[in-house]
Structure formats: C-alpha cells, structure tokens
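Let's walk through this structure together, starting with one chain and moving on to its partner. Please keep the sequence and the 3D view at hand as you read.

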Amino acid sequence: MIIIDAIADIFPVLLKGVEITVKVLLASIVLGYLMAFIAGFCKLSRNVIIRKVTSFYVEVFRGTSLIVQLFWFYYALPILFGWEIGSSFWAGVFAIALNYGAYMSEIVRTSILSVAEGQYEASTALNMSRFQRMRLIIFPQAVRMMLPEFGNYLILMLKSTSLVSLIGMTDILYYGDILRSSNLDQAPTVYFLVLVFYFILALPFIWLTKKMEAASKKGVASS
Amino acid sequence: MSGGLSNWSWQTFFDAFPLILEGLGITILLTLACYLCALIVGFFWTAVKRLPIAAIRLPLLGIMEFIRSTPPLVQLFFIYYAWPMVPVVGMALDPFTSAVIGLGIHYSTYIGEVYRSGIDGVPAGQWEAATALNYSRRKKWTKIILPQAIPPTIPMLGNYLIIMFKEVPLASTIGFLGILALANDYGAQHWRYLEPLTIVAILFLVLSYPSALLVNKLEKKFNRRLDKNAVTESKAN
C-alpha cells in the first residue's frame, strides 16, 4: 500500500516537531494562567490606576488579533527597543500567554464577582481580614466556576501554538510544511497527519475539560 | 544609544498607512463571508446533535470534535495546498474561497453550539404547549421555539463575528491580501516592520473594541429581558 508507506515516511518527521509544540504549549499555559490571575485580581483592585492600566492591557490584547500580536512581538518589538533579534520561542509564548491571559482574566474577574454576597458578609462577620476572606472563602468557590472555561482555553491555546511555525519555530506544522514543499503530491496525507497529531495532543485536554466541568458542578446546590 | 523610541518613524507610519488601509475592505468582506458560511454550516451541526440514530450521529460528532480541536491554520493549509491533490473531488481554490471554507467550517462547530444552547434554553413547557395546541412540526419550530431560541443567542453570535474578524488575518498565510499581508509586504520591501504592524494592530483595535462594547450592550439588554421574563414566571407560579 502506497498510502501506508507514505504515512511511515511522514510520521517520524512530524514527530520531531512535537517537542517544540509541547514546550511552547506548556510555557504558554503556565504564563497564560499567571497573567489571567494577576490581571483578574488587578481589575478588582481598589486602586484606580491599577484598574485602568489592567483594563488597557486586556482591551488591547482582546481587541487585536493573536497572529498580529505574534508578528508584532517577533518583528516590531526588537526594532522598537533596538534589540539585536528577538527569540522566536519567547515571542510565541508571550503572544499566546498575554493574549489568552487577557481573555481568561475576565473569567477570573467575573467568577470572583459572582460568589454570593452572603459569603462576603459572613467572612466579614467572622472578623476575617480582606486577604483571609479572599484566600479562605471567596477564591476556593470562585476557582470552581472558572474550571469549565479554563478547560476550553487549554484547547484554544494548543491550537494557537501552530502559529509559531510562522516565525520559524520547528513545531509539528513546520515539519509538515517542509514535507509538503518537497513533495506536493503528498500534501493531503501530510496535512491530515498534522491534524491527527494536534488532535491526539488535544485528547487529554478534551478529557480534562469534561472532568473540570464535572468537578465544578459537584457538591454545589443548583440554584 | 540606538534603543528607545527613537526607532519609531512617523514618516514611515504615514507612508504605509494608506497602502495598508486599502486591504481593509477586502478583510471585512472576507470576515463577513466566513461568518455567513459559519452561520449556515452551524445549522448542520445543531441538526446532527439532534439526530435520533446514534450510528450516524456519533461519527459525525466525532468529525465535529476533530475540526473543533485542531488548529484552523492547519485546516487552511489543508484546503489551500492539499485539497487540489486529493483524487477525484480535489480542485484548486483561490485564497479567498479557501479561507471562507476553512475558517467558516472551523467556526461553524462553535456556532452550532450557540444555536444548541439557544434551543435548549427554551423551557420544556413551551414544547409541551405547542404539542398540546396540536401545532405541526414546522409550526412548532417557526412560531414557538425559534422565536424564543434566537434572541438570547444574538450577543454570542455577535461575539463570534468579532472573533472571526480577528481570525481572518490567518488567511494572509495562504496569500490573501488583507491588511496583515499588505503590512508584511511593506515590511519586506522597506525593511521596516515596526510601523506597518503597529498600523494593523491599531486598525483591529479601532474596529473590534467598539463592536465589543456594542455586543456588551446587547448582552445587558437581553439579560434584562430575560430577568423580566423570570419575574413574570415566578408571579404566575
């Protein structure tokens, strides 16, 4: 079978790109969630300046396109600050993390705000400090509400890692493009396999999202 | 010192601006075409979810999950580079059509979910009432279910229009000459990427931020209406 031979040829080449895809993804996830929590809390700050600056960050990153941000970080930012040449890894990770961090900060903010008023009052009545109230009462309840959406964003971030091939990172799609340009007839098999690679990487996240959805519903009285 | 903001050139900015602006019309046109495609194909996925026969429904839902969980960029490449090589059905497509099919189908899997949530949001009593009144299948959908299912989804659908606008520059990778491709071309010709890419970012921000505010307003309006319904419902009980 020609097609099986082709797959046997293509598979090991694409496999070389998995490492970069996974590295970019993990770094983006860690930084993205970090940004989400920092920006989410900053938007709830009592300080007007912190709130305004955070709003500006969130609106700029949600209002412009990820691919534009990626190119801007990679091509424009080094010129603006007179750096030699940007790192494509960090340009990719920062673009993805700052972009999705901005989206997810809204989830953090709205989840914290939607914890019932009585919980705030009760913790104040128990003489808790502002910090204790957040750490022990509000935050644990808010995190649950964030879980289902956070799961969806894992898959969105995985999909967006494919963009880093455009700035020369050797991820799965990059090797797919190389194979396609050397043998155009193989393009359907190559890109189909690339899609399968991404789907296999997405499967644990799809499963995790379902788990997170279940966890967020568990033990909560439905109102 | 060569660093700092001294590298910013207003002359380049004003030189590049009209050239990039030329791509805005076609970028918006592509956004609308992709969005329309997503809206139409979305109905298909909603229908698939309601199919009674599991042997047909489950494989189709598997395909939907596959499209949804894999990168739209790879799907674009598949349609543009690989589709012409597919035996029998394959044909060469121009970048515009490829993007409409690729992005349209990718986002249709999300739009289908929006429709579904709208239909599921119609209270069971409405279905029962329609049945009790002996409405035909068609009348039940057109007179009772859809008029109640569609309005709450409008803000969500509006959000997806904005998301689509921000996804369309992906098509620059297959040679679609929208604002991003024109900016990249300008950058390559003059070896100045800073100003053209900043212009593209500004154009996106200027168009999508007011749209987002509008969608927020719509959302509040519909939520208010839903609250009112909730009040009348509880009074009726």
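Chain B has a radius of gyration of 23 Å, whereas a compact globule of 237 residues would have one near 18 Å. Bear in mind as you read that this is a predicted model. The extents of chain B can be given too: along its principal axes, the C-alpha trace spans about 75 × 50 × 30 Å.

What is chain B built from? Its secondary structure consists of 9 helices and 0 strands. Read from the N terminus on, the elements run α-α-α-α-α-α-α-α-α.

The database record gives a second way to look at the chain. In an unreviewed entry, UniProt annotates residues 24–215 of chain B as "domain: ABC transmembrane type-1". In the model, residues 24–215 of chain B are 80% helix and 0% strand, with the end C-alpha atoms 22 Å apart. The "transmembrane region" feature, also from an unreviewed UniProt entry, is placed at residues 20–48, 60–83, 89–107, 160–184 and 196–215 of chain B. Two of these spans are worth a look. Residues 60–83 of chain B are 88% helix and 0% strand, and 21 Å separates the end C-alpha atoms. Residues 196–215 of chain B are 100% helix and 0% strand, with 29 Å between the end C-alpha atoms.

Now turn to how helices pack inside chain B. Helix 1 (residues 10–21) of chain B packs with helix 8 of chain B at an angle of about 145°, and their axes are 9 Å apart. The crossing of helix 1 of chain B and helix 8 of chain B is right-handed. On the helix 1 side, the contact is made by B:Ala16, B:Leu19 and B:Ile20, and on the helix 8 side by B:Ile179, B:Leu182, B:Ala183 and B:Tyr186. By class, this contact has 7 nonpolar residues, no polar ones and no charged ones.

For chain A, UniProt lists "transmembrane region" (unreviewed entry) at residues 24–44, 56–75, 81–103, 153–176 and 188–208. Residues 24–44 of chain A are 90% helix and 0% strand, and their end C-alpha atoms are 30 Å apart. Residues 188–208 of chain A are 100% helix and 0% strand, with end C-alpha atoms 30 Å apart.

How do helix 1 and helix 8 of chain A cross? The axes of helix 1 (residues 2–42) and helix 8 (residues 187–217) of chain A come within 10 Å and cross at roughly 50°. Helix 1 of chain A is therefore oblique to helix 8 of chain A. This crossing in chain A is right-handed. Here A:Ile3, A:Ala6, A:Ile7, A:Ile10, A:Phe11, A:Leu14 and A:Val18 of helix 1 meet A:Thr189, A:Val190, A:Leu193, A:Val194 and A:Phe197 of helix 8. By class, the contact of these two helices of chain A has 11 nonpolar residues, 1 polar residue and no charged residues.

Finally, look at where the two chains meet. In this interface, 35 residues of chain B are in contact with 33 residues of chain A. On the side of chain B that touches chain A, helix 3 (54–69), helix 4 (72–82), helix 8 (179–190) and helix 9 (194–236) of chain B each supply at least two residues. The largest share of that side, 10 residues, comes from helix 9 of chain B. By class, the side of chain B that touches chain A has 25 nonpolar, 9 polar and 1 charged residues.

Key: Residues are numbered from 1 along each chain as its sequence is written. Chains are lettered from A and ligands numbered from 1 in the order in which they are written. This is a predicted model: local features need pLDDT of at least 70, side-chain atom pairs count only at pLDDT 80 or more; totals for chains, interfaces and linings use all residues. Two residues are in contact if their C-beta atoms, placed from the backbone, lie within 7 Å. Helices (H or I, at least four residues) and strands (E, at least two) are DSSP runs, numbered from the N terminus. Ala, Val, Leu, Ile, Met, Phe, Trp, Tyr, Cys and Pro count as nonpolar, Asp, Glu, Lys and Arg as charged, and the others, Gly among them, as polar. UniProt positions are given in the numbering used here, feature names are shortened, and annotations may be inferred rather than shown by experiment. Axes are lines fitted to C-alpha atoms, for helices over the stretch in contact, and angles run from 0 to 180 degrees between N-to-C directions. Angles under 35 degrees count as roughly parallel, over 145 as roughly antiparallel, 65 to 115 as roughly perpendicular and the rest as oblique. A crossing is left-handed if the near helix is turned anticlockwise from the far one by less than a right angle, and right-handed if clockwise. The radius of gyration is taken over C-alpha atoms; the globule rule is 2.2 Å times the number of residues to the power 0.38.
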